[in-house]
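Thanks for coming. I will go through one structure today, starting with a term and then moving to charged pairs, nonpolar cores and open spaces.

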Amino acid sequence: MKADKTIAKAWIKAQGRASRSLTSVIVILGLLSTLLGLLQAWALARTLAAILTGHPGNAPPAIGMFIAVSVIRVGLTAVQDIRASSASLSARRRLRSEIMARIIGEGPALLRRQHSSAIASTLVDRVEALDGYFARWLPASALWLVSQWIVVAAVFWQNHRAGIILAICCASLPVFQAFFGIATAVASRRQFLAMTRLQTRFLDRVKGIATIVLSGSTEREAQALAASADDLRLRTMKVLRIAFIASATTDIAMVVALVLIVITQSHSLSSATPEIALTRALYAILLVPEAFASFRALSAAYQDRAHATAAAEAMHELADLPEELSSTPALAAVQNGRGLTVTAENLSFSWNEERGPVIENVSFTLPAGETLILEGPSGAGKSTLLELLLGFVDPTQGRILLDGTNMATLTPRQISSRISWIGQKPVLFAGTIRENILFAKPEASDQELQSAISHAAMDSYIPHLPEGLETRIGEGGFGLSGGQAQRIAIARAFLKNAPLLLLDEPTSHLDPATEADILTSLHRLAEGRTVVLCTHSAQAQKFHGRHLVLSKGRVISYTEQAA
């Protein structure tokens, strides 16, 4: 727990430093508003004193000053709010880009540690919840102490006794806020965890809706979701309840200060009192709300700081931000139709040290333009080796070289630019077929798109679809057959035109006729590229290339020459 707090504090400080320039402008505007508040209170006190002491002729200049200062202050507050919103938007955009970079940098291996709904919650909900942290908490935390004690000093300058009372009441506030702040932080963290659990449960049930219906568990799952939703409601109400109580402590301190100042200044609050003495007494009373205004803003934003703590803990679960160093070696340009050389040197990897290595001491060299066929029973380590080649995970020992460059020194963007991957089931998004193909290269021309479609043999079924390339498909390729979906993945690979092609069981779950057609397209795709093929298919193993046979993560056979 102590380590978590240390991590959260370090992350919160880092966010404060990153937003310091934008926050400073908001704080300066806030200080100017406080100074205008002092003038506003003085003008109002002079106006009331002039009227109460029977000197209404002295009121017009003070009234004019009050109106002018009020207009300026309203404008200044509006500018402050606009700048706060802008600073929050900029900070959240920066933070969301950083989270995306971390997610992309770690790749699919992240899903082995976190549920996809938790990742989505971090990227969307937790970042969005930081709006108040960047817009309200950071400026308020920097402003409240200075602003509050500027007001206390102004009151003390005009009325010593009232200034001392106000100072004592203001000094007591942090004690109460610390007590309720800890309770708010704990309740807010539990509320966010309850929301994440509800999101995870809901997403899992939506994915498995067919299984739930067929097993007759609809009512039970609906009740479980309702229970999770009710738990979230209760935790949310607890957070609000604590926040209201914390706000009430500020009101109590303000009322106490106001009552004590009125009691101690009662001798000056009469029409018989000289105008300047009455002005000073009224000035002290009118500034009491102003003295507590900055702390009230800080108290209202304390829950936003709790959101930042929860976000820090979620961010800690992600991999470190990949470094885009200027010293990162550049990959040499690859000649078209050549591919690149892949070398694995003593590769070892384990998902869990207690379970032992999944890949152990694997070495091979695959010359540019050749094919390596990975063979072995399920669990031999073939898919893990592909993940290593994709750069999704780093080897615990050994290294991978791409054209002589150590992959560990390359950025994820550099690695992905040289690799195309086709798996067992292509990842297709809800949208048009055109959009799904262009996902590999959004800036591709129509000529490049048509060439990829032709090479992937998609032109055999595209004309028969209702709207051709503009036909909309559902998430996961809903509406397409397995072979049609796989051809979209092949078209993406043709469009990307990467020199290294990784194939992970690309024809599994296909009937023999469709498999033969897909393999014909893959043969065309493999021309002039370096290919690593992982398959159990007898037809796919007819690929002309080297063979690497794995068993329990170790190489038991490696054909040096293409066969």
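A residue is called buried under 20% relative accessible area, exposed over 50%, and partly exposed in between, with a 1.4 Å probe and protein chains only. What you see is a predicted model, in which local features need pLDDT of at least 70 and side-chain atom pairs count only at pLDDT 80 or more, while totals for chains, interfaces and linings use all residues. Residues are numbered from 1 along each chain as its sequence is written, and side-chain values use heavy atoms, with hydrogens and water left out.

Charged pairs come first. Side chains of opposite charge can pair when their charged atoms come close. A salt bridge here is a side-chain nitrogen of Lys or Arg within 4 Å of a carboxyl oxygen of Asp or Glu. That rule gives 16 salt bridges.

One of them joins R205 and E221, with 2.8 Å between the closest N and O atoms. R205 sits in helix α6 (residues 160–207) and E221 in helix α8 (residues 218–264), so the pair links distant parts of the chain, 16 residues apart. Is E221 buried or exposed? E221 is buried, at 14% relative accessibility, while R205 is partly exposed at 25%.

Another salt bridge pairs D446 with R434, the closest N and O atoms being 3.9 Å apart. D446 is in helix α14 (residues 446–455) and R434 in helix α13 (residues 433–438), so this pair ties together parts 12 residues apart in sequence. D446 is exposed, with a relative accessible area of 56%, and R434 is partly exposed at 26%.

E448 and K441 also form a salt bridge, at 3.0 Å between the closest N and O atoms. E448 is partly exposed at 34%, and K441 is partly exposed at 22%. Finally, R92, R96, E128 and D131 are linked in a network of salt bridges.

Next, the cores. In soluble globular proteins, nonpolar side chains tend to be buried together. A nonpolar core is a set of buried Ala, Val, Leu, Ile, Met, Phe, Trp, Tyr and Cys residues joined through side-chain atoms within 4.5 Å. The largest one has 53 residues, and those with the most contacts inside it include W11, L95 and L166. Helix α9 (residues 275–300) gives the largest share of this core, 11 residues. Counting contact as heavy atoms within 4.5 Å, and leaving out residues up to four places away in sequence, L166 touches V152, V155, A257, V288, A291 and F292. Another core, of 37 residues, lies apart from it, with I422 and A526 among its members.

Last, the spaces. On a 1 Å grid over the protein atoms alone, a cavity is a set of points where a 1.4 Å probe fits but cannot get out, and lining residues have an atom within 4 Å of a point. Grid points are joined across faces, edges and corners, and a volume is the space filled by probe spheres set on the points. How many cavities of 30 Å³ or more does a search of the whole structure find? It finds one. The largest cavity is lined by S19, L22, T23, A87, A91 and F134. Helices α2 (20–52) and α3 (59–106) each supply at least two residues of that lining.

Conventions
Helix = DSSP H or I, 4+ residues; strand = E, 2+ residues; numbered from the N terminus. 1 Å grid on protein atoms, 1.4 Å probe; cavity = no way out; pocket = protein on both sides within 12 Å on 5 of 7 lines; lining within 4 Å.
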